[in-house]
Amino acid sequence: MNFDKSENLYNEAKTLIPGGVSSPVRAIKPFPFYTASANGSKIYDEDGNAFIDYCMAYGPMILGHNPPAIRQAIENQLDKGWLYGTPSALEVEMATRIADLYPSIDMMRFVSSGSEATMSALRLARGFTKKNKIIKIEGGFHGAHDAVLVKAGSGATTHGEPNSPGIPASVTEHTLQVAYNDIEQMTDVIEKNKNDLAAVILEPVMGNVGPVLPKDGYLQEVRKLTAENDVLLIFDEVITGFRLAPGGASEYFGIKPDLTTLGKIAGGGMPIGIFGGRKDIMEMISPNGPVYQAGTFSGSPCSMSAGIAVLDYLKENKVQETLNKRGDAFRKMLSDVVSDKKPDYSVGGLSSLFVIFFGGKPMNYQDVLKCDAAKYMEFFHKMLNSGVFLPPSQFETNFISLAHTDEDFSKTAEAVEKNLV
Ligand code: PLP
C-alpha cells in the first residue's frame, strides 16, 4: 500500500499540531494515515486506500459511518441553526428517551464529551456527599481530566500519583485505586475510607484495556458494598451505554447505579456527554443546587438531533440484539483462528466489542500489561496492509457496527490467520 500523501500530511501536521494528531491514541508510528472519508464499515485515506474499520471512531459509530438516518437528522437541523445558547425542545425529547432506557436516571444533564460527564459526575458526588475521596479501578479510563488521570502507585491501593506532569499531587491524593474483579480489595478500601469516600467510579466492562469482563456477581457485590457504606456508585457507561443493551450495562447486568455517565453512541457521532441519576443527587446541580456545572455547547442542537435519531433507530431496529449475535459469531470465528495459531493468546469481549489479547485471558489491568504489546503493533501494521484497521494499541477495544458485513468478517478472519505473530 502507498501512504505518500499521509506521510506528507504528517510531516506538515507535526510542525503545527503536537505529534501531528488531535488525540494521542491516533499517533501511529512512524505516521498515521490521514482520513479522507468514511462510509459504512470502511474508512478511506488520502492515498485512496480502503480499510475495514474496527476503531469506529472509538465507539460512537454503532450504525457504521455516514448512516443515512443520522445524516438526514443533522441536515434537517442545519436548516434550523446549529447553536442557540437557549434551551430547546430537542433536549426534552432526548432526555425522555434516555430516562425510558435507564430506570436509574431520573434526571440528567447534557455536556459535550465523556470527559466532561465524568468530571461533572465526580464533582457532584463530592458535593452531594460532602466527602472527598473517590475509588477508581486500576487501568480504568474516564477521560483526560485531573482527578482520574492517575496511574497505579506501587501498591494498587496507595494514594494516586498523577499520570501526567501538570496535575498537582494534592488533586490526585484523593483518588484511590483498586484492581478490577477483586471484591476483597474493594471491600477493604471502602471500609477503611468510607468516612471520606464520596464515590466508586467504574466502567462496568473495562473498555480501555481491551474489553475485560466482570466476574459473575462482581458488579452486584460492588453495588451492595457501596450502598451499605453510603458511598455513591457511578457507572461510566461512555462505551457500554446503548451498546450492550438498549439500557447499556445497567440493563445487561441488572444494576441501578446512583449516577451514570454516557457519551459516544448517544450523540450519533456528534460530540456529546451525559451525566444523570438519582433525582435527589441531580437536584444539587446548579441552578437548583450549589454544585456548579456549565457549557457553551451543552445540549448542542446537532448532537441532540443526531442523538434522538440514533436512539430511535436502535430501538426500531433492535440493533443491539442483532449486533450482540453478530459479535458472538465473529468472536467465535476469530477464536477458532487464534486458538489454532496462537493457543496462548485469546479473544475477549462481549456484545459488539472484541479484542485479541496477545497473552492469556486477562481479568484486570495487571493481566493486560503482561500481553505482548510490541507484537500486537507488528500485527497491527500487517493488518493495516491487508486492509483492516484495528485500534493502534493492545490496550484498546475493537468495535463492530451494524454496517459490518459477513464478507468483512471473513476477510478479517483470513487476514488474522495470515498476519498473526
Ligand atoms: N469514559 C470512558 C469509559 C471512555 O472510554 C472515554 C473515552 O474513550 C471517556 C470516558 C472520555 O470520553 P471523551 O473522549 O468523549 O471525553
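Figure 1. Phe 354 has Asn 398 as its bridge partner in strand 16. Strands are DSSP runs of E with at least two residues and helices are runs of H or I with at least four residues, both numbered from the N terminus. The open sheet consists of 3 strands in the order 13-14-16, with antiparallel pairing, and its edge strands, strand 13 and strand 16, each pair on one side only. Residues are numbered from 1 along each chain as its sequence is written. Because the model is predicted, local features need pLDDT of at least 70 and side-chain atom pairs count only at pLDDT 80 or more, whereas totals for chains, interfaces and linings use all residues.

Figure 2. Strand 13 (residues 346-348) pairs with strand 14 in the antiparallel sense over 3 bridges; the bridge partner of Val 347 in strand 14 is Ile 356, and Gly 348 stands opposite Val 355. The two strands form a hairpin with 4 residues between them, and Gly 349 in the turn has a positive phi of about 125 degrees. Ser 351, in the loop between strand 13 and strand 14, also has a positive phi, of about 55 degrees, although it is not a glycine. Most residues other than glycine have a negative phi. Ser 351 is buried, with 24 other C-beta atoms within 10 Å; a residue counts as buried if 20 or more other C-beta atoms lie within 10 Å of its own, as exposed if 12 or fewer do, and as partly exposed in between, with C-beta atoms placed from the backbone.

Figure 3. Helix 11 (residues 319-341) lies across strand 13 and strand 14, running at about 10 degrees to strand 14; axes are lines fitted to C-alpha atoms, for helices over the stretch in contact, and angles run from 0 to 180 degrees between N-to-C directions.

**Figure 4. Packing of helix 6 and helix 7.** Helix 6 (residues 183-193) and helix 7 (residues 218-228) pack at an angle of about 10 degrees, with their axes 10 Å apart. That angle makes the two helices roughly parallel, a term for angles under 35 degrees. Ile 183, Met 186, Thr 187 and Ile 190 of helix 6 meet Tyr 218, Glu 221, Val 222 and Leu 225 of helix 7, contact being a distance within 7 Å between C-beta atoms placed from the backbone.

**Figure 5. Two cis peptide bonds.** The peptide bond from Lys 29 to Pro 30 is cis, with omega near 0 degrees, and Pro 30 lies in the loop between helix 1 (4-16) and strand 1 (35-39).

How values were computed
Pairing = 2+ DSSP bridges. Parallel < 35°, antiparallel > 145°, perpendicular 65-115°, else oblique. Contact = placed C-beta atoms within 7 Å.
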